[in-house]
Amino acid sequence: MPVKFPTETEVILEDVARFRALSPSERFEVLRGMLRMGDRIRRMSPKTAWAQQYALEQELLAQQNIKEFFKRHGY
């Protein structure tokens with residue numbers, strides 16, 4: 001009797017269908033919970049300082065790229 005495991009695509013589609021069936025306030029709570037969990041993981045990580053520095057560097061790089069884009073296009 002073979003066991004059929006769902007494909008990754010099937011799992012994702014089921015998750016999407018469940019999320020879409022939620023009310024807007026329930027969706028908000030799901031997203032808020034994900035953000036809280038991400039913050040908890042970030043705080044517990046031994047690489048918190050590195051991650052914060054990396055995020056800052058990426059933000060500064062994005063700002064620089066946007067400024068250069070506007071400069072190139074005459075704004």
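Phe69, Phe70 and Tyr75 form one aromatic cluster in a predicted model, where rings of Phe, Tyr and Trp (its six-membered ring) pair if their centres lie within 6.5 Å, and planes under 30 degrees apart count as stacked, over 60 as edge-to-face and the rest as tilted. Local features need pLDDT of at least 70 and side-chain atom pairs count only at pLDDT 80 or more, whereas totals for chains, interfaces and linings use all residues of this predicted model. Residues are numbered from 1 along each chain as its sequence is written, and side-chain values use heavy atoms, with hydrogens and water left out.

**Aromatic pairs**

- A search of the whole structure finds three aromatic pairs; in one of them, Trp50 with Tyr54, the ring centres lie 5.3 Å apart and the planes stand at 15°, so the pair is stacked.
- Trp50 and Tyr54 both belong to helix H3, four residues apart, or about one turn of the helix.
- Phe70 and Tyr75 have ring centres 5.9 Å apart and planes at 80°, so this pair is edge-to-face.
- An α-helix has 3.6 residues a turn, so residues three or four places apart point the same way.

**Exposure of the ring residues**

- Trp50 is exposed, with a relative accessible area of 56%, where buried means under 20%, exposed over 50% and partly exposed in between (1.4 Å probe, protein chains only).
- Tyr54 counts as partly exposed at 41% relative accessibility, and Phe70 is likewise partly exposed at 41%.
- Tyr75 is exposed, its relative accessible area being 75%.

**Secondary structure**

- The protein chain has three helices and zero strands, in the order α-α-α along the sequence; helices (H or I, at least four residues) and strands (E, at least two) are DSSP runs numbered from the N terminus.
- Helix H3 (residues 48-72) has 25 residues and spans 36 Å from its first C-alpha to its last, close to the 36 Å expected at 1.5 Å a residue, the expected span being 1.5 Å times one less than the number of residues.
- Just after H3, Gly74 adopts a positive phi of about 75°.
- Asp15 is found in helix H1 (residues 8-20) and is partly exposed, with a relative accessible area of 38%; its C-alpha is separated by 18 Å from that of Lys4, 11 residues apart along the chain.

**Overall dimensions and surface**

- The protein chain has a radius of gyration of 20 Å, whereas a compact globule of 75 residues would have one near 11 Å; the radius is taken over C-alpha atoms, and the globule rule is 2.2 Å times the number of residues to the power 0.38.
- Along the principal axes, the C-alpha atoms fill a box of roughly 65 × 35 × 35 Å.
- Of the 75 residues of the protein chain, 1% count as buried.
- The protein chain exposes about 7300 Å², of which carbon and sulfur atoms supply 64%.

Note on methods. Accessible areas come from the Shrake-Rupley method with a 1.4 Å probe; for residues, only the protein chains shown count as cover.
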